[in-house]
Amino acid sequence: MEILSSLAVGFAAALQPINLLWGFIGCLLGSAIGVLPGIGPALTVALLLPITAKVDPTGALIMFAGIYYGAQFGGSTTSILLNTPGESSSMVTALEGNLMARNGRAGPALATAAIGSCVAGTIATLLLTLFAPVVATLALKFGPAEYFAILVLSFTTVSAVLGASMLRGFASLGVGLVIGLIGLDSTSGIARYTWEVPELVDGIEVVLVAVGLFAVGEALYSLLYQKEEAVRRHRLTSLWMTRDDWKRSVPAWLRGTMIGFPFGSIPAGGAEIPTFLSYSTERKLSKHPQDFAASKGEGAIEGVAGPEAANNASATGSLVPLLTLGIPTSATAAILLAAFQNYNLQPGPMLFQTSSDLVWTLVASLYIGNVILLVLNLPLVGLWVKLLQIPRPYLNAGILVFATIGVYGMRHSSFDLLLMLAIGWVGVVMRRFDFPVAPVIVGMLLGPMAEKQLRNALSISQGDWMVFVTQPIAASILALTLVVLVIPPLLHARGIKLHEDD
Amino acid sequence: MPRPSKVVLTQLAVGTSLILISGVLAYGAFRFPPEMGFVILSAYVYPYAVAAFVGCVGLLLSYQAITGGLRNLPDHDDVAATTIPGGKAGAAWVTVGLLGVALLIEVIGFVLAAGLLFAFSARGFGSRRPVRDLAIGIALTLPIYWLFNAGLGVSLPHLINVWI
């Protein structure tokens, strides 16, 4: 009951006309940027972050929810119409959705993606509403030792479980940890690795790293290694879904949500596993296996509906560890954390007590954002598709100009722009040799947190390292970490793959 | 799966740079000023740990690079893949544009610097009409400038510097 009344207050704040307007603007901008090929939600949110800087926190949060949902929908649109997924979790959407588009069914593919995202987003937000306060209460009992254990688990899962090579995941994590080291040490006050460069004392902004790796790195990489393909654009057909489409989509949406939310809410990071899992589930359960890409079919609508729902549900699920523990488990969540800190909000168990109004406004705005997305984007999808007709030079030049404005706008420092360029080149090398990017972003944020918690834990135990073994919760989380480290190589050795390769 | 044993130099360079970074971290940690008072875990402990971690990863990557290349790369012919024709020139244009905007933004002002970046990047991606590109770039950045400065109160540097 307490939740309901808090939520009602949140809705009252979020539904004010001016805030709704911010939501619409956010949704428009998020879709406009997110629809551009090669740009995923993390980058969209990073690029648009400075825009929200001077809006009051409530309005900004609503705008943010709009940007976030808009970016996700924009990504699905490009995947379906152009077959250029902006991030790995929309790869499955591209697989079946683009096949549908090639067979003249782009409209229903887009519709099932949009409605499915809305359904999944709403159910996941409902689960978030119910679970987050419980987790937050639980998390209040966690001491530094438990936090440290959870952080180590998050590091490990984000870098070891995803991607083709655990070693390269760890290399990316290492780079992230190194970046996180730069700046003032919060405990001793010593400036570490600043090499007398004043700009480095405050550390390096996560948005800068994300924009460098994603936008600049991607632009340079595509120039160096990607041939300009004559991308076939598919005509937009009627968005109308047939009765049969609905019958096949609805169960897939629900299953996708149930698969996506739990994966998002544990600190395992990434929407890759749940989307692939949902896809293979749909393929096994489908009464129309002949439609799937693997059987050279015409594209199966449940193969779009399920993974899209899973993707959205897991994105919402990742807000659970973010809001209750302050731990981001994906690149997008890491950028969101930076956004919260912009508004002087420190996510964590205390957030529900110190800024409960804002938290519930955010939750309410997630519900509203879902609806805004549906009423705004589905009718406007033709407009977003037109954006794709911008010639490649102008598209990329525009993205780079936006990246520059975003990074420069944060601190007004030319040094940051040089750093962005350097990180862009690091991004090219990483992309070239298949180093995952998310561990860099997550590592640079979680590294300093882990160090702080480790120090606190050892202060409490008076320097006794056994505290991590003798305290049951911390010990079991660390044991789980060990399992996560050992299982993938074991599975691999036995010839079992976690990913479906095509 | 037996692979022909070969050394992939670019990959070896990635591995050795990580080892190098590890060395720099350790050297830096060694030079931290001493801490005062009661210290439970010194400011250099975690950096040393990160240095050790990065060093190990660098060694393993180098080992893979020497013994046939990184494992499980997505395209198996990727090692042989080279840059596409004109790719390097394009990347150079973009790099110079970004370098230029970093060095010039506080000198010639926001709109001109961003306009130049736009023109350089468009050139990098194959456009051959510099004057038109510059005009489009400026036309694009002007409204952004107004939006940020007037609408949102985020101050960007001057439109163009007054003394130009």
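Because the model is predicted, local features need pLDDT of at least 70 and side-chain atom pairs count only at pLDDT 80 or more, while totals for chains, interfaces and linings use all residues. Residues are numbered from 1 along each chain as its sequence is written, and chains are lettered from A and ligands numbered from 1 in the order in which they are written.

Chain B has five helices and zero strands, so that, read from the N terminus on, its elements follow the order α-α-α-α-α. Here helices (H or I, at least four residues) and strands (E, at least two) are DSSP runs, numbered from the N terminus. Of the 164 residues in chain B, 34% are buried; a residue is called buried if 20 or more other C-beta atoms lie within 10 Å of its own, exposed if 12 or fewer, and partly exposed in between, with the C-beta atoms placed from the backbone. Two residues are in contact if their C-beta atoms, placed from the backbone, lie within 7 Å, and among the contacts in chain B between residues at least 6 apart in sequence, 60% join residues at least 24 apart.

Where the two chains meet, chain B contributes 60 residues and chain A contributes 51 residues. On the side of chain B that touches chain A, at least two residues come from each of helix 1 (9-30), helix 2 (45-66), helix 3 (87-108), helix 4 (110-124) and helix 5 (130-151) of chain B, and helix 3 of chain B gives the largest share, with 13 residues. Sorted by class, this side of chain B holds 42 nonpolar, 14 polar and four charged residues, where Ala, Val, Leu, Ile, Met, Phe, Trp, Tyr, Cys and Pro count as nonpolar, Asp, Glu, Lys and Arg as charged, and the others, Gly among them, as polar.

Leaving aside neighbours within four places in sequence, its contacts include Leu400(A), Gly427(A) and, from chain B, Leu98(B). Val216(A) and Gly427(A) are 211 residues apart in sequence, yet their C-alpha atoms are 7.9 Å apart in space.

Two helices of chain A show how length and burial can be described. Helix 17 (residues 392-411) of chain A has 20 residues and reaches 30 Å from its first C-alpha to its last, close to the 28 Å expected at 1.5 Å a residue; the expected span is 1.5 Å times one less than the number of residues. In helix 17 of chain A, 16 of the 20 residues are buried, and the helix is followed by His412(A), whose phi is positive, near 55 degrees. Helix 12 (residues 302-317) of chain A reaches 22 Å with its 16 residues, close to the 22 Å expected, and because 16 of its 16 residues are buried, helix 12 of chain A is largely enclosed by the rest of the structure.

Two packed helices are described by the angle between their axes and the distance between the axes. Axes are lines fitted to C-alpha atoms, for helices over the stretch in contact, and angles run from 0 to 180 degrees between N-to-C directions. Helix 7 (residues 144-161) and helix 19 (residues 438-460) of chain A pack at about 155 degrees with their axes 8 Å apart, and these two helices of chain A are therefore roughly antiparallel, a term for angles over 145 degrees, while those under 35 count as roughly parallel, 65 to 115 as roughly perpendicular and the rest as oblique. By class, the contact of helix 7 with helix 19 of chain A has 17 nonpolar, five polar and no charged residues.

Most residues other than glycine have a negative phi. Trp195(A), however, has a positive phi, near 45 degrees, and lies in the loop between strand 2 (191-192) and helix 9 of chain A. With 9 other C-beta atoms within 10 Å, Trp195(A) is exposed. Asp434(A) also has a positive phi, near 60 degrees, and is found in the loop between helix 18 (414-432) and helix 19 of chain A, where Asp434(A) is partly exposed, with 16 other C-beta atoms within 10 Å.
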